[in-house]
Amino acid sequence: MAKIKICGLKREEDILYANALKPDYVGFVFAKSTRQIDMDTAKELISKLDKSIKTVGVFLNHSVYEVNKIEKFCNLDILQFHGEEPPEFCHSYEKEVWKAFRIKDENSLKALEAYKIDGCLLDTFVKGAHGGTGKIFNWEMIANISKNKFIILAGGLTPDNVEDAIKIVKPQIVDVSSGVEVEGTKNFEKMKKLIEKVRGCNE
Ligand SMILES: O=C(O)c1ccccc1N[C@@H]1O[C@H](COP(=O)(O)O)[C@@H](O)[C@H]1O
């Protein structure tokens, strides 16, 4: 049943790939990153995106003002907060909110309880980095978590490991960025393989 988010689209080709392969969600990174996109380009790309695909804006310690400005300008469906945004910050939006938690050990999950959010995005803790690292964490550590939470599993997922990840964690959504890239750009064959693998698990 896992749905698919492909994150970090920034070229027109990426939109064509998405329109052909139809992941459930695509992500636009407004955080400082090699995948960062400005709001004008994001709006232009979103206008060319198949309407069945939901759009996720990835923010990292932005101000409420910046989030609102970008969210309204681009008409994003979902807000993903990938930094140290506190619960009150995440609770102040009317749109669907996903909050990222970077997993280091069992204690990393304690923070979740204070948040009343639509989705808990679990990504790998990497010192000095916030996301898009291409690193996996120990999925066994959270194997029992998804029973009562809406889990978006991220961190180093690839066409080769995504089936194992789904078997162990049973997330509602898998979120992939580096794992479908070649030399820093999205790759059609890798996106296709990833989507086939995930949809194969759902049959
Ligand atoms: O993708 C980025 O560059 C990025 C930068 C800052 C915060 C979040 C970012 N992306 C998110 O990182 C995870 C995992 O990515 P990967 O598959 O390990 O490369 C995913 O949730 C992206 O939305």
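Helices (H or I, at least four residues) and strands (E, at least two) are DSSP runs, numbered from the N terminus. I noted that this is a predicted model, in which local features need pLDDT of at least 70 and side-chain atom pairs count only at pLDDT 80 or more, while totals for chains, interfaces and linings use all residues. Residues are numbered from 1 along each chain as its sequence is written.

I then looked up which residues make the contact (C-beta atoms, placed from the backbone, within 7 Å): H5 gives Val 162, Glu 163 and Ile 166, and H6 gives Leu 194, Lys 197, Val 198 and Cys 201.

Next I followed the strands, and found a closed barrel of eight, running E1-E2-E3-E4-E5-E6-E7-E8 with parallel pairing, where pairing requires that DSSP find at least two bridges between two strands. The twist averages 25° from one strand to the next. Helix H3 (residues 64-74) packs on the sheet, where it touches strands E3 (54-59) and E4 (78-81), and its direction makes about 160° with that of E3.

Last, I turned to the ligand, which has 26 residues around it, with Ser 33, Gly 131, Gly 132, Ser 177 and Ser 178 coming nearest; a residue counts as near if its C-beta atom, placed from the backbone, lies within 6 Å. Strands E2 (25-29), E6 (119-124) and E8 (173-176) are the elements that each give two or more residues to this shell.

Terms used:
Contact = placed C-beta atoms within 7 Å. Axes fitted to C-alpha atoms, helices over the stretch in contact; angles between N-to-C directions.
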